[in-house]
Amino acid sequence: MESILEVSKVSKHFGGFTALSGVDLRVAQGERLGLIGPNGSGKTTLINCISGSLLNDEGEISFKGKAISKLPAHRRTCLGIARSFQIPRPFTSMSMIENLMVPLSYVCGITGDQAEQKAMEILSGMGLAAKARTATNQLSQVELRKMELARAMAAQPALLISDEAMAGLSGSEIDEVLEILLDMNSKGITIIMIEHIMQAVMAFSQRVVCLDAGQIICEGTPEHVVADPYVQRAYLGD
Amino acid sequence: MRFWSICAGFIVLAFGLVQSPVNDYFFFAGFVILQAIVLATAWNILGGYAGYVNFGVPAFVGTGAYAALLVHLSISGPLIVQILFAALVSGALGFLVGLISVRLRGIFFSIATVALVFIMETLVINWRYLGGATGLQLTRPTEAWPFDGYVRMLFWVMVVMAVIALAIARYIQDSHFGRGLRALRDSEDAAECAGVPTLRLKLMACTVSGALLGAAGAPMPMYMSYIEPYSSFNLVYAVSALAMPIIGGMSHWIGPLVGAILLATIQQIVTVTISSELNVLVVGVLLVVFVIAAPDGIVGLYRKWKASSK
């Protein structure tokens, strides 16, 4: 299958600390990829480098065949890479629907009634229509998580990176978010999901990549990765 | 449409007022209040909309004043040329400040802007042509047709500038640009990932804000008929320009207007009736009261009242 994202030999250092060293990753068009690894293993750094929130020190990242590692984040968003944040970062001075209007107007150039209609469409799809006019400080944790995904969707991405969208949610809430992600994927969006909740990773991913100390230590089917002794050691220790 | 009619109305009304036999002192005091409106409105474009707190207002006001002086001394350019040149120079200064925001955010950005005041002040102190540390005595042109006196003309010019500043702030607030600024104020990373070119927007906001601040400072040499660095780069400008939007409300263009009228008027009254030293105290006390009791300013109080009376 054709790959939509290619990460080759990407490294990132913070002072003397190496957060990523020589990471190689290819993601196929339409794939559902799970990214796992213990805390501090570099998952978020990797997706920060992919989304452009951080610039990688070494290596090359290309998206749809175009080198993007020097581009600022907003350009990458316009090319089709959207992400959600681990800790929701809503635009607090705006209502939920206004949050979606930002990417709609900046990425897609849709404004006014048309944008409102499109935003409502996305929110309805996630069961958030009733809260569209609610100020973001009135939203519950699960609603904020969903809004993060909705805002990412409003940018009409080809690749969505979901950074622990389910952390801290209850069982039924996890299923809700999982359903949203699967629905997006069925519409042709490639998804990278970072997650600690193994039940979700197993149910969602076609392929799982495990990071530890800034390097990929294992990749393959979910069952294969979970059974891998290196992965077990990374999580549980010797 | 209504907004523009009101604007035109104000400009015409002010023109009528300067032609009337009202005491000159009224215009002298009114100028200060109008200048406060421009400063507060200009500050709010960056501070309120984009959330980048600029403590360097005196750098812009002083630069504007000295840029105007430069035009006056070198080519004896008329006031309009002085103002435009001042806006150009301080707009460029604003652009440079915007570049600082690439590296510094939050309080660190603010501290860097304070440093700018001292840099610009030192530059002027060592520039003999512009009067250096001792300053320069200036004579206002006697001719100010169709106005009956130069101070009256300055008053009217300031009315026009205030209207322009408010129109720009209002336009930005409801625009595509304004939406992007709000997004980056709330979360710069999230805005960037939502496709907002944050750096470009910050540079634009800094340039517009800086140009307006400088333009507001441009008439100062002629207004005072004197210029010297210490009062031109006075940090009181920084405190006022920040206090007025906070007191009025930073989320709406009308906030800085309300705050500036309230604060500058009280200051003028206190200066005349009690003491010119005490007027700075008024700013401090009101600022503390509002930050504690009404952090969203008068606009916030009004919104709360409206919501509760529904």
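Which helix of chain B holds B:Val12? B:Val12 sits in α1 of chain B, residues 2–19. Helices here are DSSP runs of H or I with at least four residues, strands are runs of E with at least two, and both are numbered from the N terminus.

A word on the model. It is predicted: local features need pLDDT of at least 70, side-chain atom pairs count only at pLDDT 80 or more, and totals for chains, interfaces and linings use all residues. Residues are numbered from 1 along each chain as its sequence is written, with chains lettered from A and ligands numbered from 1 in the order written.

Back to B:Val12. It counts as exposed because it has 11 C-beta neighbours inside 10 Å; the cut-off for exposed is 12 or fewer other C-beta atoms within 10 Å, with C-beta atoms placed from the backbone. B:Trp156 is 144 residues away in sequence, yet the C-alpha to C-alpha distance is 9.5 Å.

Now chain A. Four strands form an open sheet, in the order β2-β1-β4-β5, with antiparallel pairing. Strands pair if DSSP finds at least two bridges between them. β2 (17–28) and β5 (66–67) of chain A are at the edges with a single partner strand each, so one side of each has no neighbour in the sheet. Inside the sheet, β1 (3–14) and β4 (58–63) of chain A share five antiparallel bridges. A:Ser8 has A:Glu60, in β4(A), as its bridge partner.

Last, the interface. On chain A, 22 residues contact 17 residues of chain B; contact means C-beta atoms, placed from the backbone, within 7 Å. α3(A) gives the most to chain A's side, five residues.

Definitions and conventions. Contact = placed C-beta atoms within 7 Å. Buried ≥ 20, exposed ≤ 12 C-beta atoms within 10 Å, placed from the backbone.
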